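Open the model in your viewer and have the selection tool ready. We will go from helix to helix, one selection at a time.

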Amino acid sequence: MKKYRVNVQGMTCTGCEEHVAVALENMGAKEIEVDFRRGEAVFELLNDVEIEKAKNAIAEAKYQPGEVEELQPQETVQLGDGGDYDYIIIGSGGAAFSSAIEAVKYGAKVAIIERGTVGGTCVNIGCVPSKTLLRAGEINHLAKNNPFVGLHTSAGDVDLAPLIKQKNELVADLRSSKYVDLVDDYGFELIKGEAKFVNEKTVEVNGMQLSAKRFLIATGASSAVPNIPGLDEVDYLTSTTLLELKKVPKRLTVIGSGYIGMELGQLFHHLGSEVTLMQRSSRLLKIYDPEISEAITQALTEQGVNLVTGASFKRVEQDGDINKVHVEVNGKKRIIEADQLLVATGRTPNTATLNLQAAGVEVGSRGEIVINDYSKTTNSRIYAAGDVTLGPQFVYVAAYQGGIAAGNAVGGLNKKLNLEVVPGVTFTAPAIATVGLTEQQAKEKGYEVKTSVLPLDAVPRALVNRETTGVFKLVADANTMKVLGVHIVSENAGDVIYAATLAVKFGLTVEDLRETLAPYLTMAEGLKLAALTFDKDVSKLSCCAG
């Protein structure tokens, strides 16, 4: 038998799946799986049956067969048959633990090798510590700047040291409960030390050589440092060291205005620093829709954050305790002075010490591990997942990739990664959340596009909150009116985007959003109002009227 995956256009529901499955079954296909959401059919044919026969059957069922992929049978792993381990995982973050837990389900003998602190970026130096401090900053900011008359709130200077101590206690608790304690719960082994490959079947750690049938590289990424003259001679901060400061700096300059730079810059602005965000690009979030960029630029400017865009960085110097950044903007030279300098210019994969060439694992131009659709590297025994691949830099994506890798590596699943619909959130205030295609991306993919743009002052929840800087934008296929993308700047945008993710993933239409009841005075109502905006002026509607 041969196994195929065929792209199928024209399916819109489970009934379509049934039609395609019946057509394939009638022509002799076996083990049929049809998914209208992914637009594909997977099935097996006898070796002497041509794939064209299956494509013709799909076409006769009134659907359009497209690209064909012959799936190679996954090599069976004999668990427990020789070698030190069935599965060795290098790294101990979200991808690693997800993969270890999944591999144990198959009865695999699993080891995790970690050279530093267990838990990876998210719990230790990323999501958890930054978000708890962001919440503290928001509370401090609101105490000083609440928008309601008659409320007399105030806040004194921030005592940062106990706030950092409280943050560290939370991190330690979550590191134990979500990572360290799971080692015994699931029965895999944790080895402390730095691993490097000796060959495609063996790694060396602490002077020992350990072999395995399969490996996963999940070593994550670290702060990237740009090539700016003088930078290596000054005392700059990274996203890690910034969160360990014991005193709020009077002035903070941030090189880089991506999601990390914006979040941490706004955090310290809310804690009382004078903050300047600097970047080379002419606008914030240049790969996002312009309306999103404009809304967050307006919000940060209104709050008093200094923005320097279109900057050409000439050099950095330290004058006593003061950092000076020399830039050129629109042909004019400027010097930005600050007590602390944060470098937030992206992430670099942690691959330098792995000796990957000994294992036949290729890396890309930035040192990232190259993987295929099955999370497999150029060595069929070795898989990779998470930030080390420079895919979407989210812990939930890393965990998903780690699970897929384990299923393929030790479970023989031959399952493809599907990262077509990945929501992303930037935890500024207001927050930025996005899923699916931008307007430009949709056009580049050949869609005829229709959009709606709803300013936040048209959303009742924003009006009662008295926080109306923001926007909802929907991107739809002009022919089918299927929702292709949703992009939001608002309070609680991160909570709203999950509903939008379901709409994009499951092919809902603008009409579906219009006809679905939305609870009044929630930010999620903005989705429905944005859907109505395609052909109505929502400012002319009464409350809750659709």
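Select helix 5 and helix 8: helix 5 passes helix 8 in a left-handed crossing. This is a predicted model. Helix 5 covers residues 127-144, and its axis lies 8 Å from that of helix 8, at an angle of about 40 degrees. Angles under 35 degrees count as roughly parallel. The two helices are therefore oblique to each other.

Now show the side chains where they touch. On helix 5, pick S130, K131, L133, L134, G137, E138, N140 and H141. On helix 8, pick E263, L264, L267, H270 and L271. By class, this contact has 5 nonpolar, 5 polar and 3 charged residues.

Stay on helix 8, residues 259-271. How far apart are its end C-alpha atoms? They are 18 Å apart, which agrees with the 18 Å that 13 residues should span at 1.5 Å a residue.

Is helix 8 mostly covered or mostly exposed? Mostly covered: 11 of its 13 residues are buried. Among them are M262, L264, Q266, F268 and H269. Step just past the helix to G272, which takes a positive phi of about 125 degrees.

Next, select helix 3 (residues 94-105) and helix 10 (residues 395-409). Their axes come within 7 Å and cross at roughly 35 degrees. This crossing is right-handed. From helix 3, highlight G94, A95, S98, S99, E102 and A103. The contact of helix 3 with helix 10 has 7 nonpolar, 6 polar and 1 charged residues.

Notes. Residues are numbered from 1 along each chain as its sequence is written. This is a predicted model: local features need pLDDT of at least 70, side-chain atom pairs count only at pLDDT 80 or more; totals for chains, interfaces and linings use all residues. Side-chain values use heavy atoms; hydrogens and water are left out. Helices (H or I, at least four residues) and strands (E, at least two) are DSSP runs, numbered from the N terminus. The expected span of a helix is 1.5 Å times one less than its number of residues. Buried means under 20% relative accessible area, exposed over 50%, partly exposed in between (1.4 Å probe, protein chains only). Axes are lines fitted to C-alpha atoms, for helices over the stretch in contact, and angles run from 0 to 180 degrees between N-to-C directions. A crossing is left-handed if the near helix is turned anticlockwise from the far one by less than a right angle, and right-handed if clockwise. Contact means heavy atoms within 4.5 Å. Ala, Val, Leu, Ile, Met, Phe, Trp, Tyr, Cys and Pro count as nonpolar, Asp, Glu, Lys and Arg as charged, and the others, Gly among them, as polar. Angles under 35 degrees count as roughly parallel, over 145 as roughly antiparallel, 65 to 115 as roughly perpendicular and the rest as oblique.
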